[in-house]
Amino acid sequence: MKTYLIHHTPRNAAQDTWAVSFSIPYIASQYVRTGDGLWYVKTWLTADQIKKRLAVLFDDRDELRIHELGRKEASLNSRLAWL
């Protein structure tokens, strides 16, 4: 299982991002929200698979960024309250 940081930013303040929050449980076995538009997720999916599943929620590719965390970064997040 890999850990990813998902960062999404809406194009404008009026754009709904609740759909991302609603979709996270369907792509991750564990997840935690750490701020507006920031999620840590643990999943068996690859970054490309995550992008494909969430891409339909955004107008532009640049609104969604997914970063795979290495072991060092993932271990720093052990203090988070995973859901």
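Student: Which residues does leucine 64 touch, not counting residues up to four places away in sequence?

Tutor: This is a predicted model. In it, leucine 64 touches Ile6, His7, His8, Lys51, Leu54, Ala55 and Phe58, once residues up to four places away in sequence are left out.

Student: Is leucine 64 buried or exposed?

Tutor: Buried means under 20% relative accessible area. Leucine 64 has 6%, so it counts as buried.

Student: What is the separation of the C-alpha atoms of leucine 64 and threonine 9?

Tutor: They are separated by 6.7 Å, although the two residues are 55 residues apart along the chain.

Student: In which strand does leucine 64 lie, and in what order do the strands form the sheet?

Tutor: Strands of a sheet pair through backbone hydrogen bonds, either parallel or antiparallel. Here leucine 64 lies in strand E4. Four strands form an open sheet in the order E2-E3-E1-E4, with antiparallel pairing. Strand E2 (30-35) and strand E4 (64-68) are the edge strands, each pairing on one side only. From one strand to the next, the twist averages 20 degrees.

Student: How many bridges join strand E1 to strand E3?

Tutor: Six bridges join E1 (residues 2-8) to E3 (residues 38-43), and these strands run antiparallel. As one case, threonine 3 has lysine 42 in E3 as its bridge partner.

Student: Which strands do the helices H1 and H2 lie across?

Tutor: Helix H1 (residues 18-27) lies across E1, E2 and E3, at about 15 degrees to E3. Helix H2 (residues 47-54) lies across E1, E3 and E4, and runs at about 160 degrees to E4.

Key. Residues numbered from 1 in each chain as written. Predicted model: local features only at pLDDT ≥ 70, side-chain atom pairs only at ≥ 80, totals over all residues. Heavy atoms only, no water. Pairing = 2+ DSSP bridges. Helix = DSSP H or I, 4+ residues; strand = E, 2+ residues; numbered from the N terminus. Axes fitted to C-alpha atoms, helices over the stretch in contact; angles between N-to-C directions. Contact = heavy atoms within 4.5 Å. Buried < 20%, exposed > 50% of the residue type's maximum accessible area, 1.4 Å probe, protein only.
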